[in-house]
Amino acid sequence: MPCEYALCSFFVPGDRQVVIGTKTGNLQLYDLASGNLLETIAAHDGALWSMSLSPDQRGFVTGGADKAVKFWDFELVTDKNSTQKRLSVKQTRTLQLDEDVLCVNYSPNQKLLAVSLLDCTVKIFYVDTLKDGALIATGSADRNVKIWGLDFGDCHRSLFAHDDSVMFLRFVPKSHLFFTAGKDRKVKQWDADKFEHIQTLEGHHQEIWCLAVSPSGDYVVSASHDKSLRLWERTREPLILEEEREMQREAEYEESVAKEDQPAPSAYVLETFKGVKSSELEEALLVLPFSYVPDILKLLNEFIQMGSDIELLCRIHFGQITSNQMLVPVIEKLKETTISKVRQVQDIIGFNMAGLDYLKRECEAKSEVMFFAEATSHLEEKRRKRKNRKKMILTLT
């Protein structure tokens, strides 16, 4: 369905319509069955960064770059082109703030609204006058997750969560378990009561931008910059944290050992490539199992970055790998590195050729020595005559 530059979205209860928030600040309402745009509403005077469906499913809240939080209700209106009624939305309230609104989210009981602002603060607003003593967790570009108590607004614990910016955070409904997504391509699960890391889910090849958790908590969906959605399902097998930690320690140890030993196997692969005859190289690559291709592409990128055997590596190519979306980031990186290194080699060759031409002209101008090629041919001629003379002497004796 063609739309404007979309920044956020959600399904309307009933799964017949979808609401899109755009970079220009518009709300766009689409009918899923027909794919038609039902209505466009100017909601904010800047980018509409976030939306949150109210738990009672009667409306939603939006936050934008115009420093405003706006509340909306669903309503039925008569369509101009027919007598039938269709879904629409109307604004009910506006909360004006001092900073751009980056994220908004209702508490599960719809009593509180959390608003994340551009000044690195999160403000909690009461939707009604009732108090709530639940927890809130926030993730940041500083790679930390902080767990706060809403009774006094104090920080219960700060956890180093990811190796890069934390991009998204979602609680499992009716629990104090939550998932985080990071630029380090990982999804992690945490316990907000015990402040413990439970498990890490790996599979994406680029930073993860968004998460969604099913109402039952049995499924988690992650959306990544590698252009893929991944569905994670909760298994029935019990999760023993000690075993998970032991496996994580073993994985970290193996990774550190692999990094120490990396030059040896990498050099062996390169020497193997160099040992294949030029006429047989393409045929050898065609019969290579496809499962080896991702690792080889990464190695080629490393070799080219180091400037090793650029001419050989630029001849190595594989057919039909661009259809695999998982390899696209690796191929794009390889493309950038190859072009850069080939240009460097071209510059070196051009510089050397210019230097040799200069030497040739200098030598020819002085006329004191012959040019290298001429000197070599004369030397070969002298050697040939010397060998012929020796043969004649041996024949005469």
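**View 1. Glutamine 57 in the hairpin of S5 and S6 has a positive phi near 65 degrees.** This hairpin has 5 residues between the strands. Strand S5 (residues 48–53) and strand S6 (residues 59–64) run antiparallel and are joined by 5 bridges; strands pair if DSSP finds at least two bridges between them. Methionine 51 has threonine 62 in S6 as its bridge partner. Strands (E, at least two residues) and helices (H or I, at least four) are DSSP runs, numbered from the N terminus. The model is predicted, so local features need pLDDT of at least 70 and side-chain atom pairs pLDDT 80 or more, while totals for chains, interfaces and linings use all residues. Residues are numbered from 1 along each chain as its sequence is written, and side-chain values use heavy atoms, without hydrogens and water.

**View 2. Aspartate 15 lies in the loop between strand S1 (6–11) and strand S2 (17–22).** Its phi is positive, near 60 degrees, in a residue other than glycine. Aspartate 15 counts as exposed, at 55% relative accessibility (buried is under 20% relative accessible area, exposed over 50%, partly exposed in between; 1.4 Å probe, protein chains only).

**View 3. Phenylalanine 195 lies in the loop between strand S17 (186–191) and strand S18 (196–202).** Phenylalanine 195 is not a glycine, yet has a positive phi of about 55 degrees. With a relative accessible area of 22%, phenylalanine 195 is partly exposed.

**View 4. Arginine 389 is placed in helix H7 (residues 372–396).** The relative accessible area of arginine 389 is 49%, which makes the residue partly exposed.
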